[in-house]
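Visitor: I am new to this structure and would like to learn how to read it, one feature at a time. Could we look at it together?

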Amino acid sequence: MIKKEMVAMLLAGGQGSRLGVLTSKVAKPAVAFGGKYRIIDFPLSNCINSGVDTVGVLTQYQPLRLNTHIGIGIPWDLDRNIGGVTVLPPYEKSINSEWYTGTANAIYQNIDYMETFNPDYILILAGDHIYKMDYEVMLEFHKEKEADVTIAVMPVPMVEAKRFGIMITDDEKRVVDFEEKPDKPRSNLASMGIYIFNWHVLREALVKNADQPNLDFGKHVIPYCHKKEAPLFAYEFNGYWKDVGTLESYWRANMELIDIVPEFNLYEEYWKIYTKSEILPPQYIAGDTFVERSIIGEGTQVYGKVYNSVIGCGVTIGTDTIVRDSIIMNRTKIGDGCEVYKAIIAENVTVGNGVKLGVGEEAENETDPHIYDSGIVTIGEKSIIPSHVAVGKNTVIFGVTDEEDYPDQYLASGKSLLKAGV
Amino acid sequence: MMKAIGIILAGGNNFRMRELSQKRAVCAMPIAGSYRSIDFALSNMSNSQIQKVVVFTQYNARSLNEHLSSSKWWDFGRKQGGLVVFTPAVTSDNNFWYRGTADAIAQNLAFLKNSHEPYVLISSGDCVYKMDFNKLLDYHVARKADITVVCKEMGVDCNVDRYGILKMDAEDWIEEFEEKPAIARTNMVSCGIYVLRRRQLIELIEKSAEEDRFDFVKDILIRYRGSKRILGYRMNEYWSNIATVEDYYNTNMDFLNKETSDYFFRQHPDIYSKVDDLPPAKYNYDARVRNSLIASGSIINGTVEDSVIFRKSFVGNNCYIKDSIILNDVYIGDNSHIERCIVESRDTIRANSYHKGEDGIKIVIEGNDRFVI
């Protein structure tokens, strides 16, 4: 008989629209992070490092990159005879075919998958956070408290608590109440979107609430369990945990990796983060160059100067080019004599020679001021930027652009230049 | 579908590698930051669609066996074929080590006999090169040779006395074959890559075994050069054999050359190796790196010039590394000076050390304990 104590269900179907063009063509969990990784590598590595070897990955929005990245799970040792990683897209049914309409609805539609493994517990994970966490310790806690549901929480500063779902607990860590984005928070324990359910409790809750539109864990399933007076506990996590939901937080989390001893340290021997590495050769730093306070992925060639930056794999940085405070993802080419300041440049972008990015006075973005802010230049994947143009701050470029798109060879701050189908 | 079995000869020791061979077979020597020498032969076979590969190991094979612990990196983790490692084994009719390359094959002849592929491709595991073996095999078949030997014309200033030296006629049939002659008469060297029919190989190996002859080059190629049709196949691209410390040093330094590194790393097909899951290399304040290869997992604080830094190395503050090769997982304490050296893997160099290769390349093995926080 097939039996797995705990099966993880990783929600990776979301778009993450606040990352702008970075998620135009890929789901947020597949966005590159930290030079060579993708965001989903962190929960997947946590799973295998915690001894969870059965993971269902729920995909929906732009799954191609995610599917090819995960494959059969080789990089995470999740290629197993029994269990391993399974990608679970929505599928047609004889009645009531639908997309995944909510987090819990997605899990509900995959009850058969979980049932195959006769699990005792189900671990629900979000695919878009940067953290290292031992789910086994959380499971110990769950068992020790004889909980039906355990919710991972993290203490946040009281002033920020109103941005989160807040858990109010008693001395035993039992959840007595919770509130979603409260104006006057009664606690600072924010839900991290990580849950352990007893399988039969989850199953019952999902089946009972199946008709609820947009069935969601935070809005429906947890309240339902609470109302039934099921034992809900809060597991307090005090390590590094970052939601990289906005361009600013994404940029900042990347930049934190280049501190001398970063709070989130990728160089620790235990708890490795695994990823699919296609590019193997070492990076080449040429003669007349300068690289300082940066991390750089495999196979990258640096002929220019790089400061305070996170550079992916297989990138080329041309002669006399200066890159500062920027994130450059895999296989992007930056020409000669460029200046790049505080830019996020996605994968496979080609930047011509003598291009200046992130120059001039700051101005609010004209189309999406809440997305493109903090002075960051954002360039979507496979974009082409012609030689000898200058680009201002809070700008976004996506698609193949040519000189005509840059009047006076200049894209002013706050402009959006979107030529690919967004 | 490729019609050959691959054999990689990876068993040899080489005293000319000095202290570097104490830790590992030459075939497991780290190359170009992220690879080991056997990766080149393995990748070539994989890229030539060879499905079944046998590696013969003997000398100091621990490191090599670890490297080959999974065959999936070279895409040999398959039901059809796959990668097999043969180490010497005591059997009911044999209790010898491999007494030579031919003996290694002889002791495992059952494997060859039970295969069905019509050809066998033999490569030594200590050469750095790229080759499409399909073209080699086509050439071998088209010219109706008994054995085809890949050869390369070395530069006039190259000291070739450590190679097998060939002399070919106008049609590239091999007339003379000398192993490591005192005075070489040509600059045409054997690259240690051969192709022949499987039945032919079995016949030659059985005959040699009966006569207590054990070496593939001496007892088969040289002995039969008159009676068998042995053909040369000229190789014009990069080829380097890791036979001496100087070869090893120069081969690694060749990868600082854009042409060489582009040829191996950025032109189809790729070279594969075991993936190590290390984070990106990190450059801290005051890192000064010039004309160097830096592999992943390394952390650089000091100055590195014209050097190859392998995986997971740590270069301390105010260090000066010049014209050197720093092998995997080396820790170099602050204020150290390292010039024209090869620092052995997993070594710990104390702060304020000074190492310089005065005449020739210095091999640094300090062997200090490392205190990990």
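Predicted model: local features only at pLDDT ≥ 70, side-chain atom pairs only at ≥ 80, totals over all residues.

Visitor: What kind of peptide bond joins His268(B) and Pro269(B)?

Guide: As a general idea, most peptide bonds are trans. In this structure, however, the bond between His268(B) and Pro269(B) is cis, with an omega of about -5°.

Visitor: Which value of phi does Lys144(B) have, and where in chain B is that residue found?

Guide: The general idea is that most residues other than glycine have a negative phi. Lys144(B) is not a glycine, yet its phi is positive, about 55°, and the residue sits in the loop that runs from helix H5 (133-142) to strand E8 (147-153) of chain B.

Visitor: Is Lys144(B) buried or exposed?

Guide: A residue counts as exposed when its relative accessible area is over 50%. Lys144(B) has a relative accessible area of 63%, and therefore it is exposed.

Visitor: What can be said of Asp212(B), its phi and its place in chain B?

Guide: Asp212(B), which is not a glycine, has a positive phi of about 55°, and its place is in the loop between helix H6 (198-210) and helix H7 (216-222) of chain B. With a relative accessibility of 55%, Asp212(B) counts as exposed.

Visitor: Let us turn to whole chains. How many helices and strands are there in chain B?

Guide: Chain B has nine helices and 28 strands. Its radius of gyration is 21 Å, close to the 21 Å that the globule rule gives for 373 residues, so chain B is as compact as a globular protein of that length. Taken along the principal axes, the C-alpha atoms of chain B fill a box of roughly 65 × 45 × 40 Å.

Visitor: How many helices and strands does chain A have?

Guide: Chain A has eight helices and 31 strands. For its 422 residues the globule rule gives 22 Å, and the radius of gyration of chain A, 23 Å, is close to that, so this chain is as compact as a globular protein of that length. The C-alpha trace of chain A spans about 65 × 50 × 45 Å along its principal axes.

Visitor: What share of the residues in chain A is buried, and what share in chain B?

Guide: Here a residue is called buried when its relative accessible area is under 20%. Buried residues make up 60% of the 422 residues in chain A, and in chain B they make up 60% of the 373 residues.

Visitor: How far apart are the mean positions of the positive and negative charges in each chain?

Guide: In chain A, the mean positions of the 40 positive and 58 negative charges are 1 Å apart. In chain B, which has 48 positive and 50 negative charges, the mean positions are 4 Å apart.

Visitor: How many residues does the contact take from each chain, and what area is buried between them?

Guide: The contact takes 39 residues from chain B and 42 residues from chain A. About 3200 Å² is buried between the two chains, and carbon and sulfur atoms give 52% of that area. In chain B, the residues that lose the most area to chain A are Asp277(B), Pro280(B) and Tyr283(B), which together account for 21% of what that side buries.

Technical notes
Residues numbered from 1 in each chain as written. Chains lettered and ligands numbered in written order. Heavy atoms only, no water. Helix = DSSP H or I, 4+ residues; strand = E, 2+ residues; numbered from the N terminus. Rg over C-alpha atoms; globule rule 2.2 N^0.38 Å. Buried < 20%, exposed > 50% of the residue type's maximum accessible area, 1.4 Å probe, protein only. Lys, Arg positive; Asp, Glu negative; His and termini not counted. Charge placed at Lys NZ, Arg CZ, Asp CG, Glu CD. Contact = heavy atoms within 4.5 Å. Buried area = accessible area lost by both parts, 1.4 Å probe.
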